[in-house]
Amino acid sequence: MRLDLCSWLEVDAYLQRNTTVILPTGSTEQHGPMGLIGTDALCAETVARLAGERTGTLVTPTLAYTPAPFNTAFPGTISVSAETFRNVVAEIMTCLYGQGFRRIYVLNGHGANLEPIRQAALGVEAAEDREFRLRSWWEFEAVGKLRTELYGDWEGMHATPSEVAITQATHRILPPGTATEPPRKLSADFIRSHAGDRHGPPDEHRRDFPDGRVGSHSALARPEHGTALLEAAVDGMTGDLQEWLGNLDSNQD
């Protein structure tokens, strides 16, 4: 169910029976001493592809160049402006709608993506037959419960053990390095004021969080945790996608 592994004839045939497509979005940014730079994109991509296979829904290539300006003082981070990202998402959606797709489900893996994606959708969804849904892999109820059970407050905000665990289960395991020591705890005020990746300038951010973790004890991650989290996320996305499509179909009757 991967768009990039289809021919145009196969996509054309798919559109005769299904006008839904899944667009995964992530980032390319540091994720602490033991987190892969592609963590956000890899998590969203894996969940989206497995849910796509389960539901018979086509999945586009993952959009991984997104806003992460606060992390650019760490080597390997590639950030684009929120405006550029918003415009790219809008053009992708416009192109998909123009080719006959009518229902776009965005599965997200990076907090700073959320507002630009919503803004892009507002500008593109004008026609009545165009539908859009945005979800992040961690917001499904069973995923949130499992993250809390496994890590509690040590889940933190960035380079979280849950996302590291997923990449451990699906890609590779890195030695923890300085992540063996817990990071400094975040206050409730800090979490509220920095939600959605609202962090400071790059040099300031690296000064305050020198190994890249933001309140997240990455070393608590285990590949078996990742397997359980991935299963919960795929179940959550599958149910949410099917419920969304079912509601749309019933509203059209």
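**View 1. Helices α2 and α6 cross at roughly 65°.**
The axes of helix α2 (residues 39-55) and helix α6 (residues 161-170) come within 9 Å. Helices here are DSSP runs of H or I of at least four residues, strands are runs of E of at least two, and both are numbered from the N terminus. Axes are lines fitted to C-alpha atoms, for helices over the stretch in contact, and angles run from 0 to 180 degrees between N-to-C directions. The angle makes α2 roughly perpendicular to α6 (under 35 degrees counts as roughly parallel, over 145 as roughly antiparallel, 65 to 115 as roughly perpendicular, the rest as oblique). Their crossing is left-handed, a term for a near helix turned anticlockwise from the far one by less than a right angle; clockwise is right-handed. From α2, Thr 39, Asp 40, Leu 42, Cys 43 and Thr 46 take part. They meet Glu 163, Ile 166, Thr 167 and Thr 170 of α6. Contact means heavy atoms within 4.5 Å. By class, this contact of α2 with α6 has three nonpolar, four polar and two charged residues. Ala, Val, Leu, Ile, Met, Phe, Trp, Tyr, Cys and Pro count as nonpolar, Asp, Glu, Lys and Arg as charged, and the others, Gly among them, as polar.

The model is predicted: local features need pLDDT of at least 70, side-chain atom pairs count only at pLDDT 80 or more, and totals for chains, interfaces and linings use all residues. Residues are numbered from 1 along each chain as its sequence is written, and side-chain values use heavy atoms, with hydrogens and water left out.

A salt bridge needs a side-chain nitrogen of Lys or Arg within 4 Å of a carboxyl oxygen of Asp or Glu. A search of the whole structure finds eleven salt bridges.

**View 2. Helices α2 and α9 pack at about 55°.**
Their axes are 9 Å apart. The angle makes α2 oblique to α9. This crossing is right-handed. Residues of α2 in the contact include Val 47, Leu 50 and Arg 54. Those of α9 include Leu 230, Asp 235 and Leu 241. By class, the contact of α2 with α9 has nine nonpolar, four polar and two charged residues.

**View 3. Helices α5 and α9 pack at about 160°.**
Helix α5 covers residues 141-151, and its axis is 8 Å from that of α9. The two helices are therefore roughly antiparallel. Their crossing is right-handed. Among the α5 residues in contact are Leu 146, Arg 147 and Tyr 151. Among those of α9 are His 225 and Ala 232. By class, the contact of α5 with α9 has nine nonpolar, one polar and one charged residues.

**View 4. Four strands form an open, parallel sheet.**
The order is β2-β1-β3-β4. Strands β2 (58-59) and β4 (131-136) stand at the edges with a single partner strand each, so one side of each is left without a neighbour in the sheet. Two strands pair if DSSP finds at least two bridges between them. Strands β1 (residues 20-25) and β3 (residues 103-108) pair over six bridges. Thr 20 stands opposite Arg 103 in β3. Helix α4 (residues 114-124) packs on the sheet and touches β1, β3 and β4. The direction of α4 makes about 175° with that of β4. Helix α9 (residues 223-252) also touches β1, β3 and β4, and its direction makes about 155° with that of β3.
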